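Open the model in your viewer and get ready to select residues. This tour visits charged side chains that pair up.

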Amino acid sequence: MYRGMNMAEFKYSVPLFIYQMWGYDCYSDEVLASIADAGYDGVEVPGATLQIRNPEALRKRIESHGLKVVAVTGLWGWAGGELGAVAEKDIMSSNPLWRSNAVRYIRDCVDLMVALGCRRINVSPGPLGKGDTSLAGIAAARENLLQTMREVLPYAEKNDVLLPLEQNNRY
């Protein structure tokens with residue numbers, strides 16, 4: 001639970017990328033109606049920044065079902081590439097291209113959040129299973145993470161968006 005939030009403010013949402021992974025059109029009226037009928041308060045929109053062309057229209061469609069966009073689900077690692085985001089991105093990478101892709105992706109997701117009217121995205125640190133776990137590798141990853149956050153946090157703050165780190169990623 002977020003600091004300052006009481007139980008009366010607690011809402012339930014569904015991450016739409018799950019429907020997308022099962023092959024459904026996660027933005028269809030059928031899917032959104034089923035989520036609303038099940039009693040959910042909102043949805044998490046996949047950070048498919050390469051696919052979402054009109055976020056304002058998407059927001060209106062979601063709201064027409066009585067749902068709110070509560071967050072953007074960051075699409076990290078290989079699955080992100082399959083679901084409409086740049087695959088080669090890692091906020092802790094020593095590879096300049098992968099890290100710059102991650103910075104650009106987070107900024108694009110901030111823009112998406114503003115258009116969708118939400119304030120949160122999960123940011124997943126780590127190379128999703130391919131990390132250098134030596135002391136030197138951990139030190140480099142930590143410094144790369146800090147550098148990435150120095151680049152994206154001012155943009156997020158300017159747009160009144162939160163970037164919580166997913167500290168225990170299953171990958």
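In which helix do Arg59 and Glu63 both lie, and how many residues apart are they? Select both. They lie in helix α3 (residues 55-63), 4 residues apart, about one turn of the helix. Helices here are DSSP runs (H or I, at least four residues), numbered from the N terminus.

A note on the source: this is a predicted model, with local features needing pLDDT of at least 70, side-chain atom pairs counting only at pLDDT 80 or more, and totals for chains, interfaces and linings using all residues. Residues are numbered from 1 along each chain as its sequence is written, and side-chain values use heavy atoms, leaving out hydrogens and water.

Stay on Arg59. Its side chain forms a salt bridge with Glu63 (a side-chain nitrogen of Lys or Arg within 4 Å of a carboxyl oxygen of Asp or Glu). The closest N and O atoms are 3.1 Å apart. Side chains of opposite charge can pair when their charged atoms come close.

Arg59 is partly exposed at 29% relative accessible area, and Glu63 is partly exposed at 35%. Buried means under 20%, exposed over 50%, and partly exposed in between (1.4 Å probe, protein chains only).

Next, select Arg119 and Asp160. They form a salt bridge, with the closest N and O atoms 3.3 Å apart. Arg119 sits in the loop between α5 (96-116) and α6 (135-158), and Asp160 in the segment after α6, so the pair ties together parts 41 residues apart in sequence.

Last stop: Arg150 and Glu143. Their side chains meet in a salt bridge, 3.3 Å from N to O. The whole structure has 5 salt bridges.

Note on methods
Helix = DSSP H or I, 4+ residues; strand = E, 2+ residues; numbered from the N terminus.
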